[in-house]
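Work through the exercises below with the model open beside you. Try each task before reading its solution.

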Amino acid sequence: QTYDDDASVVSHLDDSSQDAAMGLSLLDSAVETPRIPGFDVTGVDGGGSNEIPNLDKWTTKHEISLKILDIVERIDKAVKVAIRSKSGKQHRQVFFETEIEACGFCQLVSLLKRTELKRDEAVMRASLGSVKLDREELKEMVDLLIEVVACWDLPVTDLKSSDPYVVVRAGEHEFHRTRHITSSLNPIFTMKTDSLFILSLPIEKLFVLEGIIFEVRDFDKLREDDSIGAVMVKPKRLFRCNGERLEFELKPLLGKKMYGKGRIAIRCRHANENDKK
């Protein structure tokens, strides 16, 4: 996998830097994490400090992406959490054997989020490079009009040809996919095959990504679609594009079969008001 934006709340602190999730507001990274009601262990039986208790005996029961998990409050041995989704928020209660463990869970989540905020801030600054944007500009939305133009010299993945289409994504988060073109090793994508789309997101969220992946797959009715190859394009390159044609060599994703080499062409520019209509 070239990029992974998913993470879980786990039972060991040593994994925190690797397992924290992306997509949090970078602008809060210099600000102290908001106080969670019932967060401190001061005054709790067996407590008296804000240090995280020994969690070595914790085991994983549920795995939830950290980026969609918010702690609402702690009430004695229970922690109320909000899980965000496209349809809204769902509230759940997590119960622990002791108040100390409940506090430890709150502190662990807070620690993971703070760690990831700092990491994202560093990634974003490195990704921005010479692009100079202040904090207010980073909050603004960017609308990129991206066109999947064509592929050529694709390898044969079926008996005689391939049925290629392109998926545009970051990690497992999919932004767009074209329709497939039947029996072609040199497909040209058009409006009829959904070649155009607008990628719209806050600038800070764009630049915290490692890159945008353009993956060419072979459509198959009877089994899982094969990955023919992919390219990852850095955010800065897309942000600076002005509609010029960009060509890339396709390479196999980690763990995927290498069928052979091929190439892909895309175009990108900032969308105007007419494009958005």
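**Exercise 1. A charged pair**

Task: Decide whether Asp 226 is buried or exposed, then find its salt-bridge partner.

Solution. Start with accessibility. Asp 226 counts as buried because its relative accessibility is 14%. The cut-offs are these: buried means under 20% relative accessible area, exposed over 50%, and partly exposed in between, with a 1.4 Å probe and protein chains only.

Next, the partner. The side chain of Asp 226 meets that of Arg 223 in a salt bridge, at 3.2 Å from N to O. A salt bridge here needs a side-chain nitrogen of Lys or Arg within 4 Å of a carboxyl oxygen of Asp or Glu. Arg 223 has 45% relative accessibility, so it counts as partly exposed.

Before going on, note the ground rules. The model is predicted, so local features need pLDDT of at least 70 and side-chain atom pairs count only at pLDDT 80 or more, while totals for chains, interfaces and linings use all residues. Residues are numbered from 1 along each chain as its sequence is written, and side-chain values use heavy atoms, leaving out hydrogens and water.

**Exercise 2. Links across the sequence**

Task: Work out which strands are tied together by the salt bridges Arg 267 to Glu 147 and Arg 169 to Glu 215.

Solution. Take Arg 267 and Glu 147 first. Their side chains meet at 3.9 Å, N to O. Arg 267 lies in β11 (residues 263-270) and Glu 147 in β4, so the pair ties together parts 120 residues apart in sequence. Strands are DSSP runs of E, at least two residues long, and helices are runs of H or I, at least four; both are numbered from the N terminus. Arg 267 is partly exposed, at 31%. Glu 147 is partly exposed too, at 22%.

Now Arg 169 and Glu 215. Their closest N and O atoms are 3.1 Å apart. Arg 169 sits in β5 (residues 164-170) and Glu 215 in β8 (residues 212-218), 46 residues apart. Arg 169 is buried at 5%, and Glu 215 is buried at 3%.

Finally, the total: the model has 16 salt bridges.

**Exercise 3. A sheet and a helix**

Solution. Two strands pair if DSSP finds at least two bridges between them. Six bridges join β1 to β2 (residues 78-85). In one of them, Ile 75 is partnered by Ala 78 of β2.

Then the helix. Just after α2, Gly 129 takes a positive phi of about 60°.

**Exercise 4. The cores**

Solution. A nonpolar core is a set of buried Ala, Val, Leu, Ile, Met, Phe, Trp, Tyr and Cys residues joined through side-chain atoms within 4.5 Å. The largest has 38 residues, and those with the most contacts inside it include Leu 144, Phe 214 and Val 216. A second, separate core of 14 residues includes Leu 69, Ile 71, Phe 96 and Leu 112.
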